[in-house]
Amino acid sequence: MFLGGAPRSSAQAVPKTHLLIVTGASGEPRFAQQFHALAMSMVAVATTRFDIPDSQIIYLAEQTTPDPKAIGGRSTREGVSQAFDRIASRASAGDAVFIMLLGHGSSEGDVSRFNVPGADMTDADFKAQLAKLSNQVVAFVNAASASGDFVKTLSGKNRVIVTATKSGFERNETLFAGHFVGAYAREGADTDKDGRVSVLEAFVYARREVQREYEGTNRLQTEHAMLDDDGDGAGRADPGARGPDGVVANRFFLQPTAGVSATVASDPRAAELLATQSRLQAQLDTLRLAKGVMPEEEYDRKLEDLLIKIAENASAIRALGVRKP
């Protein structure tokens with residue numbers, strides 16, 4: 001979940017993470033299978049590793065037949081709008097909402113589209129849907145081809161916008177989606193070794209792996225992923241924890257704090273410990289932004305103190321039966 005802003009007291013509800021995955025019009029069977037496999041991989045990671053309840057996950061697809069139990073509806077314009085309505089009605093202020101588009105895209109003039117069954121959805125259509133989530137922190141990942149122009153349209157406060165391409169002119173099939181999902185499903189993306197993968201880490205990992213795959217097959221790279229989270233409408237290929245893009249993404253995590261289950265979170269003692277862990281982790285994230293600015297000895301002293309407190313608090317949380325993420 002997003003670890004930023006004012007800390008919530010132990011009496012307040014623990015922030016939740018809501019996940020929306022949309023696979024679009026496939027065009028041919030192999031793409032339908034590919035998109036479904038990626039979506040199911042993300043759902044599996046969310047439920048088994050990050051303990052996100054099924055009630056907070058929506059998966060929409062071109063057809064529901066591949067897995068009627070997992071797929072909540074068709075990815076038509078109406079279906080997507082209803083999914084946003086459902087999330088908006090359930091999400092509290094400060095909750096995290098993670099949205100991923102898997103499929104094909106297109107662009108013509110100033111209009112960019114994500115291909116769905118029936119009439120395609122434009123970047124302006126998604127802007128209208130995101131307006132329903134003005135009180136939440138949103139990560140919007142368009143892993144489709146020709147997705148780059150979504151950045152300037154969707155950019156805003158408390159939003160992380162990720163696209164697989166730098167513009168609408170990069171229209172070839174993308175590799176980014178597989179590697180971005182892989183950042184959460186496999187090892188290797190957690191560069192700071194804190195046991196979690198931020199959206200920034202997932203982006204950096206996926207972008208690196210895409211480049212490596214193109215170089216390994218001696219092909220000209222036809223996709224260049226971008227990230228924007230400072231609201232200026234201009235994505236960057238090299239975001240970082242210190243910005244200008246990457247600050248929010250660096251503090252956006254899919255998993256709930258310490259991988260807590262809904263049952264344990266209802267325990268007042270667990271809620272208190274979780275609130276403390278969120279505050280400590282937010283302090284750690286802020287401290288890391290100051291590395292290189294404050295004196296090295298002061299940074300090391302504060303870092304050690306926070307890491308000890310986080311470890312002790314995490315131990316107390318695990319003692320209550322919370323699984324490690």
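## Helix α9

Let's start with a quick length check on this predicted model. Helix α9 covers residues 296-319, which makes 24 residues, and at 1.5 Å a residue it should span 34 Å.

Which residues of α9 are buried? The list runs Tyr299, Leu303, Leu306, Ile310, Asn313, Ala314 and Ile317.

Most residues other than glycine have a negative phi. You'll find Asp51 in the loop between α1 (29-49) and β2 (57-61). Is Asp51 buried or exposed? Its relative accessibility is 15%, and buried means under 20%, so Asp51 counts as buried.

Asn218 also has a positive phi, at about 55 degrees, although it is not a glycine. Asn218 sits in the loop between α6 (199-216) and β10. With a relative accessible area of 75%, Asn218 is exposed, whereas Asp51 is buried.

## A cis peptide bond

Most peptide bonds are trans. Where does this model have a cis one? The bond from Gly243 to Pro244 is cis, and its omega is near 5 degrees. As for the setting, Pro244 belongs to the loop between β10 (226-228) and α7 (262-265).

Notes. Residues numbered from 1 in each chain as written. Predicted model: local features only at pLDDT ≥ 70, side-chain atom pairs only at ≥ 80, totals over all residues. Heavy atoms only, no water. Helix = DSSP H or I, 4+ residues; strand = E, 2+ residues; numbered from the N terminus. Buried < 20%, exposed > 50% of the residue type's maximum accessible area, 1.4 Å probe, protein only. Expected span 1.5 Å × (residues − 1).
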